[in-house]
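Reader: Hi! Could you walk me through this protein, one question at a time?

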Amino acid sequence: MSLDRVRRQLESAESLGAVVRTMKSLASVRVHQYRRTMRALDASTFTLDRAARALLYLHPELAEPEPVRLDAPTGLVVFGSDRGLCGPFNDRMARVASAHLAAHAAAERTRVAAVGKRVASRLRVAGVNVAAQLAAPSSLSSVDAAVARLLDLVDGWRSEGVAERLLLVYSRPVGATRFEPRTVQVMPIDQAWLRSLRDRPWPARRVPMELSDPARLVKAVIRQRLALAIVKAFGSSLAAENAARLAAMEAASRNVEERLARLRADYHGARQTAVTAELLDVQAAAAALESGR
């Protein structure tokens, strides 16, 4: 291999290494940013739970909503990504959603929505009929608009009577570079959760005071909790996506370092060969001049 060719490959690998390091830094910063957001959302969830707990303390009969059949029409929302370079993130989410559909007899009555074009394509390859495809947010500033679009879709499904239940399939980050898919039912509200709130003793001596119709208040709290659950799903999915991207960039960084080590060895070898050839040429020229004399 010529010296110029090895030099060009070495410069290309060094440029690629710089890009990978930059992407690693961005992914790491975003993972921490999204995790802080998740902690804030957990605090909001606690506040809504306390409000529901106060209402159920005053009206325990509200903890027995009308049950929903197990074979009721269902909406399944799968959270993925629009961007690549995140390893097996979208493939794994598609496998989890496909396995859930295969394990339930009412899969033919399930409307599937995909958040992110990459996970939507994986689902279609797996044979899943994607009824709706939404754009995945690229940052926290665009989560509100994504939540509004998803809520509009869910409201449309409910008005059509095709989604009495709503399941979210998304991932949570585990550690710095791993993620764990999970399936959460957000509609209808979990009756066991309502009963657990009702059965807890009120922590203060003062009795909570209601300011409106309790049934309407409970419905409002439940709707706010549904919206918050969707916001948490978006934020958690973004954190998991960047954790997967960080893992992919770390693997790419190791590959680049190994390639750089090989190219540096090849470069030094080619350079030594070129220097040796030049010395031999000089020696041969000097011997030719000496013999001519």
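Author: Gladly; we will go from the overall layout to one helix.
This is a predicted model, in which local features need pLDDT of at least 70, side-chain atom pairs count only at pLDDT 80 or more, and totals for chains, interfaces and linings use all residues. Residues are numbered from 1 along each chain as its sequence is written, and side-chain values use heavy atoms, with hydrogens and water left out.

Reader: What radius of gyration does the protein have?
Author: This radius is taken over C-alpha atoms, and the globule rule is 2.2 Å times the number of residues to the power 0.38. For a compact globule of 293 residues that would be near 19 Å, but the protein has 29 Å.

Reader: Which residues of helix H3 are buried?
Author: Buried means under 20% relative accessible area, with a 1.4 Å probe and protein chains only. Helix H3 spans residues 117-125, and its buried residues are Val119, Ala120 and Leu123.

Reader: Why are they on the same side of H3?
Author: The arc is that of the directions from the helix axis to the C-beta atoms. They lie on the same side of H3 because they cover an arc of only 105 degrees.

Reader: Which glycine takes a positive phi just after H3?
Author: The phi there is about 90 degrees. The residue is glycine 127.

Definitions and conventions. Buried means under 20% relative accessible area, exposed over 50%, partly exposed in between (1.4 Å probe, protein chains only). Helices (H or I, at least four residues) and strands (E, at least two) are DSSP runs, numbered from the N terminus.
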